Amino acid sequence: MEQKNNKTITTSAPGKLLLLGDHAVVYGFPCLVTAVNYRVFVEVSTSDKDEFLFPEGNNNHFVQAVLELFRKTYNVHQHVRVQTRTGQKESYGLGSSSAVTVALAKALSGLFFLDLSKKELFDLCYQVVLNVQGVGSGFDIAAAIWGGTLYFVTGGKEIEPLQVETLPLIVAYSGSKGNTATLVKGVGALYKEKPEKVGQLFFQSKELVEKGKQFLVAQNFAEFGKLMSHNHTLLQQLGVSTPKLDEMATAAVHAGAYGAKLSGAGGGDCMIALAPEEKRISVEKALKDVGGTILSVKTDEEGVRIKHE
Ligand code: MEV
């Protein structure tokens, strides 16, 4: 496949937030994930040599790994120029590496006239995550491709888009970063050491996800919020929360949120709360009072999209 062209392809893909099922989803259990408006933009064109421009972030491992696997899989040898751009300087654990992976794979498929299905794109990008990180469920890749809100099972065994409108989410950054690969490996070690206890926690997580799916679709945010708080206690028992995340989750609920939890691997990054609109201001204030930074996050975000120029 070596068609010469002078096209430039621009794509963008959304970030994500895990609503329920964090960590358990690595081990064959389901999760609920929603795509968010922290999009990553990628521009690619053919070139005489490989050129990379990454003004922000440090997702270059993912960019290199996408290119390598794409070339090998589709027998492409042409050089490319890749430019990435994110809307914000800081990475808050909202999925910029999965978004850049998906946006680049989609852009390359456009540049080299391949019409990859969503599932083909998922399989390629999930393999990239495994090549770079060694671990991961692929939920973030699915969110970047499909967008919206998904019921997802490990490795894409099930990917079910849910009919869910915008969620009344409040997102606060805890001020420190978590290392996903290290945290996932830590939970893996605990699972080996205490298979029954951790297995029980994962099973409870699955039950929360199954119930949560019904509540989400029914727009029953009050009940969904309670499941989020319950999920946070499971994640505490897995040892991935931090005092700051706990403090923030407690403050949000005291200020009137339906529920709150850490979102993602833990060890820092973000806390999410679901709150009635009339409580938004007081919940945000309570989160700021304990040192959180409120992020303006919108859900119901479209999946990866391509723009021809
Ligand atoms: C990390 O954002 C979420 C984890 O469940 C890992 C994964 O599913 O890939 C901890």
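Just after helix α7, G239 takes a positive phi of about 80 degrees. Helices here (H or I, at least four residues) and strands (E, at least two) are DSSP runs, numbered from the N terminus. This is a predicted model, where local features need pLDDT of at least 70, side-chain atom pairs count only at pLDDT 80 or more, and totals for chains, interfaces and linings use all residues. Residues are numbered from 1 along each chain as its sequence is written, and side-chain values use heavy atoms, with hydrogens and water left out.

**The whole chain**

- The protein chain holds nine helices and 11 strands.
- Its radius of gyration is 19 Å, close to the 19 Å that the globule rule gives for 309 residues, so the chain is as compact as a globular protein of that length. (That radius is taken over C-alpha atoms, and the rule is 2.2 Å times the number of residues to the power 0.38.)
- Along the principal axes, the C-alpha atoms of the protein chain fill a box of roughly 60 × 40 × 35 Å.
- Of the 309 residues, 56% are buried. (Buried means under 20% relative accessible area, exposed over 50%, and partly exposed in between, with a 1.4 Å probe and protein chains only.)
- Take the contacts in the protein chain with a separation of 6 or more: residues 24 or more positions apart account for 78% of them. (Contact means heavy atoms within 4.5 Å.)

**Helix α7**

- Back to α7: this helix covers residues 221-237, which makes 17 residues.
- From its first C-alpha to its last, α7 reaches 25 Å, close to the 24 Å expected at 1.5 Å a residue. (The expected span is 1.5 Å times one less than the number of residues.)
- Its buried residues are F221, F224, G225, L227, M228, N231, H232, L234 and L235.
- Seen down the axis of α7, those buried residues fall within an arc of 165 degrees, so they line one face of the helix. (The arc is that of the directions from the helix axis to the C-beta atoms.)
- Packed against them are several elements, including β1 (8-20), β2 (30-47), α6 (195-217) and α8 (243-254).

**The four-stranded sheet**

- Four strands make an open, antiparallel sheet in the order β8-β9-β7-β10. (Two strands pair if DSSP finds at least two bridges between them.)
- At the edges stand β8 and β10 (293-295), each with a single partner strand, so one side of each is left without a neighbour in the sheet.
- From one strand to the next, the twist averages 30 degrees. (Axes are lines fitted to C-alpha atoms, for helices over the stretch in contact, and angles run from 0 to 180 degrees between N-to-C directions.)
- Four bridges join β8 and β9, and K261 has I272 in β9 as its bridge partner.
- Helix α7 lies across β8 and β9, at about 35 degrees to β8.
- Helix α9 (residues 280-289) packs on the sheet too, touching β7 (169-173), β9 and β10, and its direction makes about 15 degrees with that of β7.

**Helix α3**

- L121, F122, L124, C125, Y126, V128 and V129 are buried in α3.
- Their cover includes α1 (60-74), α2 (96-111), α4 (139-146), β5 (149-153) and β6 (158-162).
- After α3 comes G134, with a positive phi near 80 degrees.

- β5 runs antiparallel to β2, with five bridges joining the two; C31 is paired with F152 in β5.
- β5 also pairs with β6, antiparallel and over five bridges, and V153 has E158 in β6 as its bridge partner.
- The hairpin of β5 and β6 has four residues between the strands, and G155 takes a positive phi near 70 degrees there.

**L53 in strand β3**

- L53 sits in β3 (residues 51-53) and is partly exposed, with a relative accessible area of 31%.
- L53 and R81 are 28 residues apart in sequence, and their C-alpha atoms are 8.0 Å apart in space.
- Leaving aside neighbours within four places in sequence, L53 is in contact with R81, V82, Q83 and T84.
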